[in-house]
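Let's take a quick tour of some charged side chains and the partners they pair up with. Have a look at the structure first.

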Amino acid sequence: MSEGDDGVQLTLLSKVDVLQEEVDAIVVAIKADMPKVSGQLAWRALNAAGSAVSDVVEAHVRGRRLIPNEVEQFDGGALPCKFIMVVGLSATLQIGLPEAVYHTLVRATELQCETISIPAIGCGGFGYTAEDAADYIVMGVKSFLATYRHRTSLTEIRLLAYGSGQFPCFRRSLEESKLPWKRG
C-alpha cells in the first residue's frame with residue numbers, strides 16, 4: 001500500500017538534498033534558547049535562501065529565542081520551497097523531537113501546505129543517533145496522522161535520509177510503525 005487512509009503519502013528518500021526539494025516546506029532545526037542561528041543545515045538553508053531571508057531569521061532569533069519544540073516559518077527566498085520551517089530543539093530534551101515534528105506538521109497544515117520534506121533533523125550538532133532520529137521523527141509523524149487524519153492539507157510527507165546509515169534506520173522505524181509508506 002502506498003497511500004494511507006488519510007490520503008497522505010509518506011515517502012522515504014535517500015541521498016536527497018533538502019535544499020533542492022521542490023515542496024511547499026522544508027524543515028531545519030536550530031538550538032532552542034540561543035541568541036543566534038545554530039545547526040549546520042539551518043545555516044546552509046538560510047544562506048541558500050538569500051540575505052533577505054537570512055537577515056530576517058537572524059534578527060528574529062536574536063530578538064526572541066525559540067523555545068524547545070516551537071516552530072516558526074519563514075519565506076523560502078531563493079530556495080525552491082515556499083517556506084522554511086525552523087524548529088527549536090534542545091540538546092538536553094531528547095524526547096522533544098517527536099513533539100517538534102508533530103508541531104511542524106501542524107504548522108504546515110495551518111499554512112495549507114500540501115508537501116513537506118523532513119530531513120534527519122537532530123543528527124549532527126544535537127547528538128541524536130540515526131536510529132534515535134528516525135524513531136523520533138516517525139513517532140512524530142505517526143502522532144500527527146493519528147490526530148489530523150482527515151483534517152490536514154498535506155498530501156505528501158517526505159522523509160529524507162541523507163547521511164551514512166540513515167536510510168536503513170528510517171526503513172526499520174517505518175516498518176515497525178505500521179505506517180504505509182513508499183520508497184521514492
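Here is a short briefing on salt bridges in this model.

Keep in mind that this is a predicted model. Searching the whole structure turns up six salt bridges. As background, side chains with opposite charges can pair when their charged atoms come close.

**A bridge between two loops**
- Asp24 pairs up with Lys82 in a salt bridge, with 3.3 Å between the closest N and O atoms.
- This pair links distant parts of the chain, 58 residues apart: Asp24 sits in the loop between strand S1 (9-14) and strand S2 (25-31), and Lys82 in the loop between strand S3 (71-75) and strand S4 (83-89).
- Asp24 has a relative accessible area of 11%, so it counts as buried.
- Lys82, on the other hand, is exposed, because its relative accessible area is 51% and the cut-off for exposed is over 50%.

**A bridge between two helices**
- Asp135 and Arg172 also meet through their side chains, in a salt bridge of 2.9 Å from N to O.
- Here too, distant parts of the chain are linked: Asp135 belongs to helix H4 (residues 130-148) and Arg172 to helix H5 (residues 166-177), 37 residues apart.
- Asp135 is partly exposed, at 26% relative accessible area, and Arg172 is partly exposed as well, at 28%.

- Glu156 and Arg158 form a salt bridge, their closest N and O atoms lying 3.8 Å apart.
- Both Glu156 and Arg158 are buried.
- Glu21 joins in too: Glu21, Glu156 and Arg158 are linked in a network of salt bridges.

Key
Residues are numbered from 1 along each chain as its sequence is written. This is a predicted model: local features need pLDDT of at least 70, side-chain atom pairs count only at pLDDT 80 or more; totals for chains, interfaces and linings use all residues. Side-chain values use heavy atoms; hydrogens and water are left out. A salt bridge is a side-chain nitrogen of Lys or Arg within 4 Å of a carboxyl oxygen of Asp or Glu. Helices (H or I, at least four residues) and strands (E, at least two) are DSSP runs, numbered from the N terminus. Buried means under 20% relative accessible area, exposed over 50%, partly exposed in between (1.4 Å probe, protein chains only).
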